[in-house]
Amino acid sequence: MTNDRLVQLTSKASVAAAFMLIIAKLYAVYTTHSLGILSSLFDSSVDMIASIGNLIAVTIAARPADHKYQFGYGKLEAVAALIQSILIGASLLFLVSEALQRFFSNDITVTHSTTGIWVMALSIVMTLGLTAFQRYTIQRTQSLAIKADMLHYKTDTAVNIVVLISLFLNTYYNNIDTIACIGICGYVMWATRHIVVESLEVLLDKEINVKDQSNIKAILNNHPSVKGFHNFRTRSSGKRIFIEAHIEMDPKLTLVEAHNIAHDLKDAVEAVYPHSEMIVHQDPVGYDESSERRF
Ligand SMILES: [Zn+2]
Ligand SMILES: [Zn+2]
């Protein structure tokens, strides 16, 4: 299976899982009147909306470049991840306010908690299965969208476990789940910031990681006709990498020779980074360009 298809399949699986969880939790809320299950139902609804958004992003983001979007649609993945992180933040605030209300009101009457326990146990098993699948896909594809999606369902597992424990313990002590819930919210907010930072980096055209940069620079330096280079810069979009550089070459080369060197470099880089596109500008070595030089 290709990476794109795997990302799409994973994305569809999470939409389906979220939908089933919502149905099961609706039934559980109806029979138990548990606030805990209600907040986890809310959490699952946000997940489903976000997963649908993700599915759109990974199907459209995987489309090849066309004449209107010549750099492709890769950045849609980062946009989806960013929107999801905002949704997670909002659902966490909701959970905290639920927990605080519960803490100060102390009037929860949970009925038929056995039904609730079964539904929450089922939710945990389903969510664990889904996150295992997502982890496998991330390992193979590094997809940002699936990473953001998985964070959601990891939260879900924690929330489901808290609700499950609270259903067991609510006859003894009402506030134990409230405290745990607030703790989990804090942890997930802390974890979400990575996704926000990574998405913003892609959207703002941050340089690719230093290791790949130096690999590419080494390829340029290894060519016998390359006397040096400057204005090297990179950016990424989805799985694509865009590279630019000014290559310094012997001023006496013919245009055909210089052009061949440029193509050699492009081929050498693309052999190591198949999803890269490199554009080189050809400079005669020693030519004074102090005004146009960058880093
Ligand atoms: Zn130059
Ligand atoms: Zn050419």
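Tutor: Start with H1 and H4, which run roughly antiparallel to each other; that label covers angles over 145 degrees, while under 35 degrees is roughly parallel, 65 to 115 is roughly perpendicular and the rest is oblique. The model is predicted, so local features need pLDDT of at least 70 and side-chain atom pairs count only at pLDDT 80 or more, whereas totals for chains, interfaces and linings use all residues. Residues are numbered from 1 along each chain as its sequence is written, chains are lettered from A and ligands numbered from 1 in the order in which they are written, and side-chain values use heavy atoms, with hydrogens and water left out.

Now the numbers for that pair. H1 and H4 (residues 113-141) pack at about 170°, with their axes 10 Å apart. Helices here are DSSP runs of H or I with at least four residues, numbered from the N terminus. Axes are lines fitted to C-alpha atoms over the stretch in contact, and angles run from 0 to 180 degrees between N-to-C directions. The residues of the H1 and H4 contact divide into 16 nonpolar, 13 polar and 2 charged. Nonpolar means Ala, Val, Leu, Ile, Met, Phe, Trp, Tyr, Cys and Pro; charged means Asp, Glu, Lys and Arg; the others, Gly among them, are polar.

H1 (residues 3-32) also packs on H5 (residues 144-169). Their axes come within 11 Å and cross at roughly 25°. The two are therefore roughly parallel. The crossing is left-handed, that is, the near helix is turned anticlockwise from the far one by less than a right angle (clockwise would be right-handed). From H1, Val7, Thr10, Ser11, Ser14, Ala18, Leu21 and Lys25 meet Ile146, Asp149, Tyr153, Asp156 and Asn160 of H5. Contact means heavy atoms within 4.5 Å. By type, the H1 and H5 contact has 5 nonpolar, 4 polar and 3 charged residues.

H5 has another partner, H3 (residues 75-105). Here the axes come within 8 Å and cross at roughly 15°. H3 and H5 are therefore roughly parallel too, and their crossing is left-handed. Glu77, Ala81, Gln84, Ile88, Leu95 and Arg102 of H3 meet H5 residues including Leu144, Ala148, Asp149, His152 and Ser166.

Next, local detail. Phe42 lies in H2 (residues 35-61). Phe42 is partly exposed at 32% relative accessibility; buried is under 20%, exposed is over 50%, and partly exposed is in between (1.4 Å probe, protein chains only). Beyond its neighbours within four places in sequence, Phe42 touches Ser91 and Phe94. Phe42 and Phe94 are 52 residues apart in sequence, yet 8.9 Å apart C-alpha to C-alpha.

Last, the zinc ion (ligand 2). Its protein donors are His259 (NE2) and His263 (NE2), 2.2 Å away. Donors are N, O and S atoms within 2.8 Å of the metal (3.2 Å for Na, K and Ca); water is not among the atoms, so sites may look incomplete. The two histidines are 4 residues apart in H8 (residues 255-272), about one helical turn. His259 is partly exposed at 40%, and His263 is partly exposed at 38%. Glu257 is also in H8.
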